[in-house]
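User: I would like to go through this model term by term. Please set each value against its definition.

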Amino acid sequence: MIRLEKRPTPSKMWTYLTPIVAVLLTMIAGGLMFAALGKNPVEAIRTIFYDPLFNEQFAAYSRPQLLVKAAPLILIAIGLSLGFRAGVWNIGAEGQYIIGAVVGGGVGLAFYPSGSPLIFPLMIVAGGIGGWAWAMIPGLLRVWFNTSEILVSLLLVYVAEQILASMSLGLMRNPEGGGFPGSRNFQQWDAVANVELIPGTGMHWGVVAAFLAVIGAYVLLAKHVLGYQIRLTGAAPRAARFAGVSPSRLILTCMGISGALAGLAGLFELTGPAGQISIDFNSGYGFTAIIVAFLGRLHPVGILLAGLLMALTYIGGELAQFMLSVPAAAIQAFQGMLLFFLLAVDVLTNYRIRLARTDTKTGAA
Amino acid sequence: MIRRQFTALALGAAAALSALPGLAQDKPVKVGFVYVGSINDGGWSQHHHESAMKMKEHFGDTVEVIEQESVPEGADAERVLTQMALSGVDLIFTTSFGYMEPTLNVAKKFPKVKFEHATGYKTAPNVSTYSARFYEGRAIEGTIAGGMTKSNIIGYIGSFPIPEVIRGINSSFVQARKMNPDVQMRVVWLSTWFDPAKEADATKALIEQGADVILQHTDSTAPLAVMEKAGGVIGFGQAADMAEFKPTPRVSSIIDNWAPYYIERVQAVMDGTWESVSTWDGIKEGMVQIGEITDAVPEDVATKARTMMDDIASGTYHPFTGPLNKQDGTVWLKDGEVADDGTLLGMNFYVEGLEGSVPN
């Protein structure tokens, strides 16, 4: 009989090994699924993981796209991970992402068609503030009324989506768009277009921000007193209180940082790859980032790698879809497997598997 | 707007003749399709997919079709299109309005690849647009609705307040009023193209408000299912025939039929005659089809609907013919004047008699 025995301390080896094992298991299980769908599993796995990076036909384009797709995921996940470590569960990054884009975009449009170089920085600030303010709602409600920030932040996503729809149909609708929904296209407005900084690299301001966030979070957690408070609160909330950590302030700080980063991600996406405020502007980055945060073990460097891996499955998944006609749902299932196996294998970090002979007297039940 | 004269049959014959002997191309023409929904959503995307399959069937091995479903509009679309273009496709159909900017951006980078964007209004040397005059079908529905309502209240489930949807509301209302001057129309906006639960709720709300005819501009069969349960309420199939609700509550339907267009455009690529066009076809060309009008419709109403269908097809009647006023009472079309395509494409106002306002 197999028995789980709790380790006295989490295994260091398994902490690092878990993601790798999870990826391998995903490949195996995913391969079986592709085989069941009548596709060549080896070819499918190769298309997802290898082709975007090394296929001659696609790689020159796909590789930079990896950064483009990963940047918002990493930026949001970094913010979320700080809260998650301290036991502050901001599930509504999707909403903060939307509001950041709407507020930042709105500030920009107020100055259209000015060519001033100050507008883009102003939009960035406004985007961050927008996301921060949206996250403050569940944060303050939690502090004042002890409501669940999980529920409030999640439900505010749907409110944000309604605001987004209303904006693209009304206030922010492009007056030259022939009555169609959607704002002006920011890519076509040179003063604010978030273009590639170095051609052919995919590197835009959002990618830069994501890298800065990784470094910032690393330093914060390793060196700064706030990072210490976050880690301490996560590990031992009571002890943290005795050590003088104010729970309310920590909640607001964590919600605020994650909201602001999500808002920034929205703004960079709006002025860059997405281009305009539209009804379908949000494409689930806020939710996917939760997976990325956990896949990256809530560690800044881990999140960086996890974000890139997640982006790879998206881009490779798209290739697999049209090259091998794998259905979109199979790709989503594949991504789901990744999280599932991660959580499953994660047990090994905290538990040890023991193969023990069943004791007849106690094991009968 | 370039209007094309064209029948699928003649084209099919031509294609068979031209494709068979030559096979001049050693490589099949590679055609890509990008869908916003899944290919079994029961509505918009499914119909594009089925039309793509009919096109593939028509050409057989001389065409290779690649498809990508559930592609979000925006940044992801641009990447998907670029990857498709890189994979060596000759022609890409982008089948949702939100793909407009991504299509144009990618088209700029791949001047040799040809693009066809559905329901948009921006073209480029290698980007065509195509759409269907669904408002012609709405006129038929309005005629039946006005002729059949007893409560004088017609419900309308709207998706997004964009010109496409507003045109449909105006078109059906104008014809319903012609059949019955006391008709009122209640519009509910759902901000979605496909959400069975929301659509069902909206249908119930409209029935409670006294509507006994309900039109929908959303794609699921949920409204018809609610109507069937409620009884005494009729509706129409949308995008698909939705024949399973015959003979009532579904008394007729508007069917999207893209296959002839897809066949024609792929043929043009094969022949090397493809060029950028803006196509807006209707009942005449077969892009808009009216599903069977069932026996639940009284004979005189059905006859009027069929006559209108014939008149629209022959070009002797336009659903928006004056005198027509805008909602605020100002003159839109003088007696006998016909709406121009530019106004229709950007329509953002209600006609006189409609209550409420276009939301924004």
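User: Among contacts in chain A between residues at least 6 apart in sequence, what share joins residues at least 24 apart?

Analyst: The share is 78%. A contact means C-beta atoms, placed from the backbone, within 7 Å. This is a predicted model: local features need pLDDT of at least 70, side-chain atom pairs count only at pLDDT 80 or more, and totals for chains, interfaces and linings use all residues. Residues are numbered from 1 along each chain as its sequence is written, with chains lettered from A and ligands numbered from 1 in the order in which they are written.

User: Why are α5(A) and α12(A) called oblique?

Analyst: Their axes cross at roughly 135° and come within 6 Å. Axes are lines fitted to C-alpha atoms, for helices over the stretch in contact, and angles run from 0 to 180 degrees between N-to-C directions. Under 35 degrees is roughly parallel, over 145 roughly antiparallel, 65 to 115 roughly perpendicular, and the rest oblique. α5(A) and α12(A) are therefore oblique.

User: Which residues meet there?

Analyst: Ala93(A), Glu94(A), Gly95(A) and Tyr97(A) of α5(A) meet Tyr285(A), Gly286(A), Phe287(A) and Ala289(A) of α12(A).

User: How many residues of chain B are in contact with chain A?

Analyst: 34 residues of chain B contact 30 residues of chain A.

Terms used. Helices (H or I, at least four residues) and strands (E, at least two) are DSSP runs, numbered from the N terminus. Two residues are in contact if their C-beta atoms, placed from the backbone, lie within 7 Å.
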